[in-house]
Amino acid sequence: MNNIIAKSFKRSVTAAAVAVSLGVAMPAIAASNTAGSINGEATANTKITYTNVKTGSSRTITVGEDGRFRVGSVPAGTYKVTNAAGDTKTIQVVIGTGSSVDFTSTEVIEVVGRAINAIDTSSVESTSVFTFDEIQKLPLPRNSVAVALLTPGAIQGGSNFGRNLPSFGGSSIGENGYYIDGMDVTNLRSLLQFANLPQDAIAQTQVKSGGYGVEYGRALGGIVNIVTKSGSNDWEFGGSAYYSPDSLRASQKNVTNVKVNGDVDISGYNSEDKRDSLKYNFYAGGPIIEDKLFFFANVEGQDYESDNYGLIDSSNSKTDTPNYLAKLDWYITDDHLLRFTHINNETEWDRTNYQNAEDVRTVGHHGNQTSQYTYKEGGDINVLSYTGYITDDLTLNLMYGELKHQYLKVPNLSGDDCPYAWDTTNGSGWSGRNAIGCWNAPVQSLVTDQVDDVDERTSWKADVDWVVGDHTIRFGYNSEEYDSTSPGVKYSGDIYYRYFTAHENNNCTVNQTVLPCGTEAVRVITYNTQTATFGVENTAWYLEDSWRYSDDLVIYGGLRGETFSNLDGNGDVFLESDTLVAPRVGFSWDVDGDGSKKLYGTLGRYYIPVASNTNIRATRQEEQNIDYYEVSGGWNADGSPVGGLGEQFGPIVRDLQIPNPQVISDQNLEPMYQDEIIIGYQQEYNEDWTLGAKFMGRTVGNGMDDFCANDGFTNWAADNGYDNFDPHSLAGCIIVNPGEDITIFMDLENDGNLVKTTTPAEYHGLPEYKRHYLGLELTAEKALSDNWKANFSYVLSRTWGNVEGYVNSSLAQEDAGATQDFDHANFMKGAYGNLPTDRTHQLKAYGLYEVNDELAVSVNFSATSGIPLSCQGFVSTDGMLVGDGSTSYDFGNFNRYGASSFYCVGEDGEQELNKRGDEGRSNWLFNTDMSVIYQPGWSEGLTLRASVYNVFNTQRPDTYDQQKDLARGNTGINANFLRPTGYQPRRYVQLSAHYSF
């Protein structure tokens with residue numbers, strides 16, 4: 001290390017040192033999403049040759065008249081770059097990054113045993129790149145989200161969903177994009193999943209937290225971009241095993257609740273749950289034809305078993321299905337490269353369900369078996385890509401991909417002809433429920449048509465990278481079709497019975513009706529939906545220019561044009577956008593001209609498509625009827641009432657939805673977008689440390705959601721003389737831009753004739769969709785020296801508005817773009833405030849310490865402040881009146897909603913309006929993970945590792961019961977208000993072994 005020059009690095013030599021970097025770099029915005037680029041300076045009009053060290057592939061290009069050269073779409077890897085004089089320099093190319101080489105400088109930097117993280121002054125993006133080897137040295141769970149969460153400002157959101165997904169810059173967890181080998185693999189049905197692959201097959205992971213170029217769209221949060229491993233001229237074989245034994249797991253905390261009599265009882269029984277997981281990988285890679293054709297294959301076997309225990313019900317799930325990846329790289333000539341990736345991630349699960357006797361609870365072992373079955377999830381991904389270097393300055397990239405994903409679908413079980421029935425007559429509400437009848441409890445409440453629940457995607461993309469003087473121009477086009485086939489469902493036995501007793505615990509009130517105490521009653525629901533395939537068609541074109549305005553300043557400008565189309569189950573378009581133009585600009589200023597200080601910024605617009613879940617929810621034929629009846633004599637063996645149904649009472653619900661594109665969405669609907677500004681600064685403090693600061697601001701425009709209230713249309717019709725208008729002729733919910741006028745086709749005269757009609761926004765009372773984010777990010781990164789390296793970040797931020805985004809994590813609603821937020825104006829009263837993704841403080845630190853040549857220790861630490869807490873109560877029916885003052889259509893329709901508004905019962909028993917965040921904040925969350933890595937000198941190629949996740953077993957609450965109202969029409973307050981409903985995951989240990997040769 002004594003040969004290292006301890007001063008600011010010259011721009012001409014920093015790229016040579018980055019060959020062994022930590023992997024967190026700021027990439028050039030003009031680089032491809034599956035490759036990097038090489039640029040630099042040499043003698044004008046001479047030849048430069050770059051050669052991949054492992055594959056032997058080589059190209060020779062001519063330096064321009066200005067002494068500069070650049071080549072894009074260079075596959076990631078280590079390269080030797082040689083000039084006409086025979087001088088050679090070695091560089092590392094990573095995805096999305098520009099690697100620089102300067103043959104005009106006489107300075108030389110030697111890097112011995114450490115990494116120097118250069119500041120890339122050709123970049124304007126906010127991006128981190130992590131290689132497989134670097135990730136293997138950190139104590140991270142084996143999934144791509146864990147990698148994404150290393151980036152500053154990324155938080156784990158949506159714990160109410162039980163999902164491991166990131167939130168970037170105030171966005172919801174349903175607004176990110178995920179890519180594998182250039183193909184978008186984001187689940188367009190929910191936007192809450194993405195395609196999996198064996199983790200040991202990943203070469204590099206790129207995470208974009210904001211400011212990304214126009215090649216990327218269809219996301220408002222972040223981008224997670226994966227490139228898989230490839231074979232080379234070197235034969236490589238190896239394997240790995242990852243074992244997480246249940247014996248080394250801590251006990252998970254139980255969730256408790258307060259009963260009506262004040263006793264504390266278990267409501268979520270988790271302490272006896274068991275998990276045992278073993279995954280083992282075998283890989284091989286090498287040349288089929290040396291220097292030309294290479295293969296890589298990774299097979300991941302798994303042996304996973306879990307036992308989940310509920311209060312009475314329990315289950316066992318297990319799988320031993322292997323997944324695999326196979327990849328071919330064919331260098332047809334030095335100028336033409338063809339790649340094919342095949343991934344199979346289908347998993348078959350065996351599940352057995354059990355139930356204890358009613359008087360046996362929380363015993364931690366299985367009772368009597370109730371059902372056993374097998375189901376599958378996952379599918380296949382195929383990606384074919386081509387790179388052609390047409391000239392030294394012109395590169396063509398083509399990609400075609402197919403994806404199929406099957407969802408878990410429980411087969412119809414014995415008892416599917418028996419009614420879905422529950423006994424809740426003991427007065428303790430749903431928590432005291434008991435399954436009755438002959439249906440397959442607790443599994444088969446709904447039965448489905450025997451059609452695969454599956455998504456299929458077809459995508460192709462073409463782009464051109466063209467260097468013209470000081471300009472690097474990229475333009476391209478992308479088109480994708482996404483089909484979601486959703487089986488129809490209905491209740492077991494075609495009907496649902498839930499038995500009640502008018503009891504003092506519910507003030508002898510059932511369905512808003514005061515009954516004589518002791519009266520027996522039943523709620524009867526019929527429900528069925530259509531089986532259909534729902535389509536999404538998205539296109540995009542993009543054009544960008546990275547202009548080196550001077551030696552010290554790069555200016556970026558780009559335009560992205562997008563179209564979105566959503567189709568109903570009949571194949572008709574019900575939602576379609578014109579071309580949406582998203583401009584983006586940026587700059588990168590090399591302040592001192594030597595690469596040691598960088599000021600950069602971006603300003604841009606980003607659009608997001610409508611998920612196919614919206615098609616399914618809004619356009620499929622669906623019917624629901626809810627009625628309440630008095631009964632006597634209990635129920636029969638099949639769960640039906642003895643003696644039939646008695647007198648009907650209280651409000652009823654009749655909801656029939658028949659698809660019609662003209663009435664489902666606003667005819668002037670504007671797609672949702674987000675405007676973003678970033679200003680950042682980086683500086684090399686010394687040869688070891690790089691410091692950074694970044695400000696980010698985001699705001700959403702043209703927010704979009706479903707609106708399910710009809711009174712505004714009824715009142716407008718009455719005010720305009722349409723006395724025959726029937727609100728039942730409207731769709732159950734309509735896709736709108738909240739706060740704007742609504743234009744749909746309406747049957748104004750109740751004669752079957754639809755007329756295009758605009759109703760002013762004031763009739764509906766919806767506020768505009770608002771979400772804002774401001775964040776200040778501070779970072780410090782230490783290169784490997786003195787046997788350690790580390791990365792630190794702190795983010796101070798605020799996210800506020802009246803809606804979280806494409807999901808509602810407070811209510812655990814996953815319906816992207818169709819949450820209940822804007823279903824009625826009364827849900828939005830009090831909604832403005834700090835949002836569920838608002839964590840004011842975020843602190844992260846991760847790093848590695850090398851004890852000696854064989855032993856190392858790594859740590860990953862995070863601390864995040866709490867989220868805002870609110871009260872949730874039953875929505876007020878104030879104002880739900882028609883023109884003549886009688887009870888409105890919405891009055892009865894909105895009785896079906898649970899406690900999900902900001903109207904709550906006060907201490908005096910009266911309903912009052914509160915504001916989002918009035919109940920303070922949740923506690924801070926802390927997590928520390930640690931790994932010990934042993935690479936014995938006596939066995940080359942062997943690595944042993946022990947990782948402990950949540951070392952201190954800090955199981956703090958991470959979700960809360962925010963329901964304050966006890967029950968509809970009840971003046972009582974929920975005794976469990978603000979009690980924890982979930983905790984941080986328990987401590988567990990993973991033991992792993994890796995061997996390569």
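**Close-up 1. Antiparallel pairing of β47 and β48 in the predicted model.** Strands β47 and β48 (residues 755-759) run antiparallel and share five bridges. Met746 sits opposite Val755 of β48. β47 spans residues 742-746, and five of its five residues are buried. Both faces are covered. Ile742, Ile744 and Met746 lie on one side, Thr743 and Phe745 on the other.

**Close-up 2. The disulfide between Cys418 and Cys438.** The S to S distance is 1.9 Å. The torsion about the S-S bond is about -100°, so this disulfide is left-handed. Cys418 lies in the loop between β25 (394-406) and β26 (420-423), and Cys438 in the loop between β27 (434-436) and β28 (446-448), 20 residues apart. Cys418 is buried, at 9% relative accessible area. Cys438 is partly exposed, at 35%.

**Close-up 3. The disulfide between Cys708 and Cys733.** The sulfurs are 2.0 Å apart. A torsion of about 105° makes the link right-handed. Cys708 lies in the loop between β45 (705-707) and α6 (711-719), while Cys733 lies in the loop between α6 and β46 (734-736), so the bond ties together parts 25 residues apart in sequence. Cys708 is buried, with 2% relative accessibility. Cys733 is also buried, at 16%.

**Close-up 4. The disulfide between Cys871 and Cys904.** The S to S distance is 2.2 Å. The link is right-handed, with 105° about the S-S bond. Cys871 is in the loop between β53 (855-864) and β54 (873-874), and Cys904 is in strand β56 (residues 903-905), so parts 33 residues apart in sequence are tied together. Both cysteines are buried.

Terms used:
Residues numbered from 1 in each chain as written. Predicted model: local features only at pLDDT ≥ 70, side-chain atom pairs only at ≥ 80, totals over all residues. Heavy atoms only, no water. Buried < 20%, exposed > 50% of the residue type's maximum accessible area, 1.4 Å probe, protein only. Helix = DSSP H or I, 4+ residues; strand = E, 2+ residues; numbered from the N terminus. Pairing = 2+ DSSP bridges. Disulfide = S-S within 2.5 Å.
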